[in-house]
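Reader: Hi! Could you walk me through the packing and the pockets of this one?

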Amino acid sequence: MSRHEIYEQKAAELLEPILADMEFELVDVEYVKEAGTWYLRSYIDKPGGITVDDCEAVSRQFSDRLDQEDFIEDSYIMEVSSPGLDRPLKKDKDFERNLGREVEIRTYRPIEKEKEFYGILCAYDDNSVTIEREDKKQMNFLKKDMALIRPALDF
């Protein structure tokens, strides 16, 4: 496991009890370097959506826990935010919530000369996802071949 994966896992472990008390869901944690600066980002959600006040409340408690544990060697910026409408589907809860809805899938390599697919999410398991396209054709994708899967947004 890489150093950033260890930091993400440890951060998630510290966040879970805070979020459980508030009845929030941990969507994702990422530790990434952007423009020379490290960021520890936590994405949280709840039914009806997360507010700025929710993020602030979690951020205060999480910051205190991070200061106590002090397990990240680098200087970093900690952020707590909503995952947004276009959040990637990662957990079973995400897939379950989006069954019967239109999703966007991007693949690492072209399939039939395409890398971007849209369709109704009809099934998923630990290894694959099935969508039904507009032409009623079903397509199955291995999760390991997908760069991204998220709800499709219509504007």
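Author: Happy to; we can start with the core and then turn to the pockets. This is a predicted model, where local features need pLDDT of at least 70, side-chain atom pairs count only at pLDDT 80 or more, and totals for chains, interfaces and linings use all residues. Residues are numbered from 1 along each chain as its sequence is written, and side-chain values use heavy atoms, with hydrogens and water left out.

Reader: Great. Which residues have the most contacts inside the largest nonpolar core?

Author: Leu40, Ile44, Val58 and Phe62, in a core of 23 residues. Such a core joins buried Ala, Val, Leu, Ile, Met, Phe, Trp, Tyr and Cys residues through side-chain atoms within 4.5 Å, buried being under 20% relative accessible area with a 1.4 Å probe, protein chains only.

Reader: And what does Val58 touch?

Author: Beyond four places in sequence, Val58 is in contact (heavy atoms within 4.5 Å) with Leu15, Ile18, Leu19, Met22, Phe24, Ile44 and Val80.

Reader: Switching to pockets: what volume has the largest one?

Author: About 430 Å³. Closest to its centre, of 22 lining residues, are Asp45, Gly84, Leu85, Arg87 and Arg97. A pocket here is an open set of points on a 1 Å grid over the protein atoms alone, where a 1.4 Å probe fits, with protein on both sides within 12 Å along at least five of seven lines; lining residues have an atom within 4 Å of a point. The volume is the space filled by probe spheres set on the points.

Reader: How does that lining split by class?

Author: There are 8 nonpolar, 5 polar and 9 charged residues.

Reader: And the second largest pocket?

Author: Its lining has 7 nonpolar, no polar and 2 charged residues, with Phe95 and Met146 among them.

Key
Buried means under 20% relative accessible area, exposed over 50%, partly exposed in between (1.4 Å probe, protein chains only). Ala, Val, Leu, Ile, Met, Phe, Trp, Tyr, Cys and Pro count as nonpolar, Asp, Glu, Lys and Arg as charged, and the others, Gly among them, as polar.
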